[in-house]
Amino acid sequence: RLTRRAIGRTGQFYEFTDAAYGGERRRHRSVYVSQRPDFVLVFDRAAGAGRYQQLWHLDPALRVTAVHRTHAVATAPGTRLHIRRLTLSAASAASASTRVVTGQTRPYQGWVSHAMRSRTPAPVVTMTHRGPGAAILTLIAPTDPGAAVTAKVSRRTGGGYLLRARIGGRAVSLLISRGGGIVRR
C-alpha cells in the first residue's frame with residue numbers, strides 16, 4: 001500500500017507498507033528516485049523475522065562482476081550498476097552478506113520470462129541481514145564504466161541519518177528520518 005509520496009524537481013519519494021506472513025509482521029519500504037545524478041535510495045524496515053533479504057533482480061544483459069559483503073557491481077556494454085548496502089550501525093554491518101544467484105532451480109530464483117514456457121537466466125543480487133529487526137539502506141546507482149560511487153552515512157542528533165554520496169563526480173546529500181522519510185538536502 002502506498003502510504004506517502006512527494007514529487008519534487010530533482011527527485012521523487014514513495015513509501016510503501018504491507019503485512020507479511022499472514023498479516024503478522026509489518027514491512028515498510030521508502031524509495032527515493034533521483035534525477036541528476038541518477039540513483040535510487042531504498043530504506044527497508046521490518047521486525048520479527050530474524051532473517052531479512054533484499055532481492056535485486058537484474059536484466060539478463062547485466063553481468064555481475066564484483067560481489068562483496070555489502071555491495072555488488074554489474075556491468076553491460078557502456079554502463080555499470082552499483083548496488084551498495086550502506087552501514088547504519090556496527091550490528092548491521094556485521095550481519096550483512098551479499099551473493100548472486102542465476103538460473104537456480106532449488107529454490108527457483110534467477111530467471112526472467114518474456115513469454116509463456118520460456119525462461120532466461122538473469123542475475124539476482126541477494127542481500128541478507130540477520131537480527132531481531134532490520135533497517136537496511138541501499139543505494140542503487142547506474143554510472144559510466146569508469147565512474148566511482150562513494151557514500152557515507154552518519155547519525156543525526158535526534159534520530160535519523162544523513163547520507164553524503166558522490167555518484168560519477170556529482171555530490172548529493174539526503175536526510176533519512178527514523179520514520180522512513182527521505183528528502184534531498
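Me: Hi! What should I know about the model before we start?
Reply: It is predicted, so local features need pLDDT of at least 70 and side-chain atom pairs count only at pLDDT 80 or more, while totals for chains, interfaces and linings use all residues. Residues are numbered from 1 along each chain as its sequence is written, and side-chain values use heavy atoms, without hydrogens and water.

Me: Thanks! Where is Thr143 found?
Reply: Thr143 is in strand S13, residues 124-143 (strands are DSSP runs of E, at least two residues, numbered from the N terminus).

Me: Is Thr143 buried or exposed, and why?
Reply: Thr143 counts as buried because its relative accessibility is 8% (buried is under 20% relative accessible area, exposed over 50%, partly exposed in between, with a 1.4 Å probe and protein chains only).

Me: And which residues is Thr143 in contact with, leaving aside neighbours within four places in sequence?
Reply: Those are Gly78, Thr79, Arg80, His82, Val149 and Ile167, where contact means heavy atoms within 4.5 Å.

Me: New topic: how do S1 and S2 run?
Reply: Strands S1 (residues 2-7) and S2 (residues 11-20) are antiparallel and joined by five bridges; strands pair if DSSP finds at least two bridges between them. A hairpin of three residues connects S1 to S2, and Ala6 stands opposite Phe13 in S2.

Me: Last one: which strand gives the largest share of the lining of the largest pocket?
Reply: S4 does, with eleven residues. S2, S3 (25-34), S4 (39-57) and S13 each supply at least two.

Definitions and conventions. Helix = DSSP H or I, 4+ residues; strand = E, 2+ residues; numbered from the N terminus.
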